[in-house]
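Take a look at the model before reading on.

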Amino acid sequence: MERPYVLHMFTPGKQMSPFDINMAADAGYQIIAPHSECSLESITGLTQDTIFSRGPKGVARTGIFIGGRDAVLAADMLERAKSAMVPPFVVSVMADPSGSFTTAAAMVACVEAALLRTRPDGLKGCRVVVLGGTGPVGRIAGVLAAMAGAEVQLSSRNGIDVAEEAAHQTATRFGVTLHGVSGGDRAAVRTSIADVDVVLACAAAGVQVVSAEDLAFAKQMIVAADVNAVPPEGIAGVGVMDNGKPVPGTQAVGIGALAIGNVKYQTQHRLLVQMRDAAKPVALGFSEAFATARAFLAETSKTS
């Protein structure tokens, strides 16, 4: 009998995301086993239970998915799972906590594609502010933008101290340079967007972080991207379906939540299929998600 494709899904939370379970099923995994309330310390044991039970041939049809809501913890769990493998008992592993790795990858890839229409260097040398920058999507979007050569500030509505702590922790963990900036009130938000090229809105659903009045202060903004699909829009004037549409009252173009969401969906699907079909085990994090999102956008640009 042919061995089934099995995906073990580890999360520190009380339940695994139904979204991710559906995505795994659509990617061809036949048996999907969620494991909740997993700690970093438990990952070694869970991983070794996963790899040793199927034999060297069975591991080729076995994968591990790491969820949760903490981007740094998920990255640590990914590394812990990789280090727990004992060749030839090695399986593919992917991390995407709360969809943050694939969402951030899609967001930054879409912004880069928009910039490349007028800037040959894309994000390199751009000044970027991430509003809602202390959440999982915001942190990873900031890391990816910094890796692409941008000067990045993470903003927090809880003030400069929280923003600087998140920037320091995230930058130290992932080896990039990030700065903190306050988004604690309207004046702070307006100051933070006044001299940047790119605004990334990664705040909670239904929260507008940039109003129509605020946009008057964003005189140098080239691209505004928003992952909030719940009204009101996170950035006034950026509709959920917008993909390069001019933002009223500015010189910028906007990229909306559903335009980003389509790329996020395709990116996550491709990574899960890659895990399932890989001839050799793969480890997939936000860097691989970014490369996949870039590749998808390059393909679609050739056919459009």
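Predicted model: local features only at pLDDT ≥ 70, side-chain atom pairs only at ≥ 80, totals over all residues.

## Starting with two strands

Let us begin with strand S1, residues 6–10, which runs parallel to S2 and is joined to S2 by 5 bridges.

## The open sheet

S1 and S2 belong to an open sheet of 5 strands with parallel pairing, and the order across the sheet is S2-S1-S3-S4-S12. Which strands stand at the edges? They are S2 (31–35) and S12 (283–284). Each has a single partner strand, so one side of each is left without a neighbour in the sheet.

## The chain as a whole

Stepping back, the chain holds 11 helices and 12 strands. Its C-alpha trace spans about 65 × 45 × 35 Å along the principal axes. A compact globule of 304 residues would have a radius of gyration near 19 Å, and the chain has 20 Å, which agrees.

Contacts across the sequence are worth a look too: among those with a separation of 6 or more, 72% are between residues 24 or more positions apart.

Of the 304 residues, 51% count as buried. The accessible surface of the chain comes to about 13,100 Å², and carbon and sulfur atoms account for 54% of that surface.

Methods. Residues numbered from 1 in each chain as written. Heavy atoms only, no water. Helix = DSSP H or I, 4+ residues; strand = E, 2+ residues; numbered from the N terminus. Rg over C-alpha atoms; globule rule 2.2 N^0.38 Å. Buried < 20%, exposed > 50% of the residue type's maximum accessible area, 1.4 Å probe, protein only. Contact = heavy atoms within 4.5 Å. Areas by Shrake-Rupley, 256 points an atom, 1.4 Å probe, with all protein chains shown as cover. Pairing = 2+ DSSP bridges.
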